[in-house]
Structures are given as structure tokens and as C-alpha cells.
Amino acid sequence: QLQASGGGLVQTGGSLRLSCAASGRTDTRGAMGWFRQAPGKEREFVAAISWSGGSTYYADSVKGRFTISKDDAKNTVYLQMNSLKPLDTAVYYCAAAPGWATILMTEYLYWGQGTQVTVSS
């Protein structure tokens, strides 16, 4: 199971840190990713991190502002979000993939319930 938390309401330019706690077969020893879905839009890739933590990938829209990291001892993946913009408003989902880190949503087999992030202008 994946449990996402840390969402909330923040002003433009603010920061939030999302957490995704994994348990059972969806622990963080596989690739982990964050996706988001804004109202009326399709779910999109945000960031991913490899099993080792040595490789990370970001959507162009968040590069330089978001950082994905993991703590295997806590079975938790984080998404540090800085310089938030209203366009970042969405429900954020964490997901786990059994193989390599990837931006492809279809490779992620396990999904958390999502956490709402709202950025006010």
C-alpha cells in the first residue's frame, strides 16, 4: 500500500513537502514516482526516482523547483516542492514500479490515494 500525505493550501512561491509511505509489496525498493492530475486534465508525470536513489527524472515543468528523494529505512519517498505556482494545483499521486525508474504511467503498478495541493495566486 502507498499512503500519500503533505498536501495543502499554499500561496504562490511557497513550498510543500509530500510524503509517500510504502508498506507490504509496494516498498520503496523499486522505482517510485509522483504524478499529478489537475481538474479537467489527464494525469501527468512529475518525478521519478530509481531503486538505488541514484537516478532521478523530472517533468520539464517542475525541473529546478521540485526534488524527489527517498528514505529506504522509513520506506518513504518525498517530493519537495518549492517556488510553487497556481499551475501546480492538482491532486498528487505516488506510485511504485517494479522495474527501472520511468516516466511512463503504465509501468507503475501500485498507486496511492492522492493528496491535494492547491496554490493560490
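## Basis of the model

Helices (H or I, at least four residues) and strands (E, at least two) are DSSP runs, numbered from the N terminus. This is a predicted model, in which local features need pLDDT of at least 70, side-chain atom pairs count only at pLDDT 80 or more, and totals for chains, interfaces and linings use all residues. Residues are numbered from 1 along each chain as its sequence is written, and side-chain values use heavy atoms, with hydrogens and water left out.

## Overall fold

The chain has 11 strands and 0 helices. From the N terminus on, its elements run β-β-β-β-β-β-β-β-β-β-β. Along the principal axes, the C-alpha atoms fill a box of roughly 40 × 25 × 25 Å.

Contact means heavy atoms within 4.5 Å. Among contacts with a separation of 6 or more, 56% come from residues 24 or more positions apart.

## Surface and charge

Of the 121 residues, 45% count as buried. Buried means under 20% relative accessible area, exposed over 50%, and partly exposed in between (1.4 Å probe, protein chains only). The chain exposes about 6,400 Å², and carbon and sulfur atoms supply 51% of this area. Accessible areas come from the Shrake-Rupley method with a 1.4 Å probe; for residues, only the protein chains shown count as cover.

There are 11 positive and 8 negative side chains. The centres of the two sets lie 4 Å apart. Lys and Arg count as positive, Asp and Glu as negative; His and the chain ends are not counted. Each charge is placed at NZ of Lys, CZ of Arg, CG of Asp or CD of Glu.

## Aromatic residues

The structure holds 4 aromatic pairs. One of them joins Phe 35 and Trp 111: the ring centres are 5.0 Å apart and the planes meet at 50°, so the pair is tilted. The two residues sit in distant parts of the chain, 76 residues apart, with Phe 35 in strand 4 (residues 31–37) and Trp 111 in strand 10 (residues 110–111). Rings of Phe, Tyr and Trp (its six-membered ring) pair if their centres lie within 6.5 Å; planes under 30 degrees apart count as stacked, over 60 as edge-to-face and the rest as tilted.

Phe 35 is buried, at 0% relative accessible area. Trp 111 is partly exposed, at 29%. Phe 35, Phe 45, Tyr 108 and Trp 111 form one aromatic cluster.

Trp 34 belongs to strand 4 and is buried, with 0% relative accessibility. Its C-alpha lies 11 Å from that of Thr 67, across 33 residues of sequence. Trp 51 is in the loop between strand 5 (44–49) and strand 6 (56–58), and is exposed at 53% relative accessible area. From Trp 51 to Ala 97, the C-alpha distance is 9.4 Å and the sequence separation is 46 residues.

## Loops with a positive phi

Most residues other than glycine have a negative phi. Asn 75 has a positive phi of about 50°, although it is not a glycine. Asn 75 lies in the loop between strand 7 (66–71) and strand 8 (76–81). Its relative accessibility is 25%, so Asn 75 counts as partly exposed.

Ser 83 has a positive phi near 50°. Ser 83 is in the loop between strand 8 and strand 9 (90–97). It is partly exposed, at 41% relative accessible area.

## Two further loop residues

Val 62 is in the loop between strand 6 and strand 7. It is buried, with a relative accessible area of 0%. Leaving aside neighbours within four places in sequence, Val 62 is in contact with Arg 36 and Val 46. Val 62 and Ala 47 are 15 residues apart in sequence, with 8.3 Å between their C-alpha atoms.

Gln 113 is in the loop between strand 10 and strand 11 (115–120). It is partly exposed, at 42% relative accessibility. Not counting residues up to four places away in sequence, Gln 113 touches Leu 2, Gln 3, Ala 4 and Tyr 93. Gln 113 and Cys 20 are 93 residues apart in sequence and 10.0 Å apart in space, C-alpha to C-alpha.
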